[in-house]
Amino acid sequence: MDEALLRSLTPSVLGVLCRRGADFAAAEDAVQDALVEAVRVWPTDTPRDPKAWLITVAWRKFLDATRSDASRRRREDLAEDEPTPGPAPDADDTLQLYFLCAHPSLTPSSAVALTLRAVGGLTTRQIAQAYLVPEATMAQRISRAKRTVSGVRFDQPGDVATVLRVLYLVFNEGYSGDVDLAAEAIRLTRQLAAAIDHPEVAGLLALMLLHHARRASRTAPDGTLVPLAEQDRGRWDTQLIAEGVVILQSALARDRLGEFQAQAAVAALHADAQTAEETDWMQIVEWYDELAALTDSPVVRLNRAVAVGEADGPQAGLKALAELDDNSLPRYAAVAAYLHEQAGDLEVASALYVEAAQKASNLAERAHLTRQAARINAGRRL
């Protein structure tokens, strides 16, 4: 069973159902039922046109679901619109679906969660981790969002800022390696940048390109994580970096600074350094100050503490970290471990690396942090 094919077809199938009159929540349920049916049937009877097969089955699932409470006339009207078997039209509705999920009737957080689940293909657990909330809380949020958009039609677009947030989170999930969605997020952001002249859209695209340029160097051949300072910069994609920098410079020139432009500026400074030692950490701290003013995000302040530690020494970094004082944050313990190691507090650093490994959200990060603790302990025994 080609799960990647099913994931790639889901937005188009969902878009067809919405355009044919299905409200979003009912259409999403029908598509999920059709995907389950595909998993059951396709291994022994693969259709010639998978997309057309999914559209047909999903539409029938939708009709079955609505038949119990719809009027006879409504049922007949829907039945007349049932697509006939055959090649399906080639249309990409993914970006439109992102805007549908960003409907004004939803709060931004609910809109992002719904899009990640219904269109992005992320699990409820992955979305909960991105939001720093329990999985059960996120499941309730997504259910409420689906109820809210019940009855909303496909031609009611939502908020650009929310769509940008969704694309950013989808890219981050893809970049982590858990779900390969980074290239898809870049593709959709390119579409959005071509359609909307806005510096934050450009800023997000620049940020994605600059991060994606380093992807080949982020893992070793055995799958282990390679920290930024240890990456082979000769493997970075210089064309993507150049494109990202040009896009960023054009956006910054419009003097309408936003979160994604500031993040891209940090990424550009990393990309500009020929070696880790040449990184301009003072400028990076200044950009994190801008980001903190824009977002008041604890994650931004956590990253700023690392930059302060590199620019002014580990004790300064630990002081900045103490001001944050939120060890419930993902990677808080990892940052504290790194800064304590740089300060020479190896016993504390080792214990913090172990704690960070226990809190890691994926196996690759957990393995990396465990190796860091083992490395320090081995050095202390010598």
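Start by selecting Phe 62: its relative accessibility is 4%, so Phe 62 counts as buried (buried means under 20% relative accessible area, with a 1.4 Å probe and protein chains only). You are looking at a predicted model, where local features need pLDDT of at least 70, side-chain atom pairs count only at pLDDT 80 or more, and totals for chains, interfaces and linings use all residues. Residues are numbered from 1 along each chain as its sequence is written, and side-chain values use heavy atoms, leaving out hydrogens and water.

Trp 59 and Phe 62 form a tilted aromatic pair, 5.3 Å centre to centre with 40° between the planes. (Rings of Phe, Tyr and Trp, the last by its six-membered ring, pair if their centres lie within 6.5 Å; planes under 30 degrees apart are stacked, over 60 edge-to-face, and the rest tilted.) The two sit three residues apart in helix 3, so about one helical turn separates them; helices here are DSSP runs of H or I, at least four residues, numbered from the N terminus.

Next, select Trp 42 and Trp 53. Their ring centres are 5.4 Å apart and their planes at 70°, so this pair is edge-to-face. Trp 42 lies in the loop between helix 2 (24–41) and helix 3 (50–67), and Trp 53 in helix 3, so the pair ties together parts 11 residues apart in sequence.

For a last stop, pick Arg 214 and Trp 236: the charged end of Arg 214 sits over the ring of Trp 236, 5.7 Å from its centre (the cut-offs are NZ of Lys or CZ of Arg within 6 Å of the ring centre and within 35 degrees of the ring normal).

Definitions and conventions
Buried means under 20% relative accessible area, exposed over 50%, partly exposed in between (1.4 Å probe, protein chains only).
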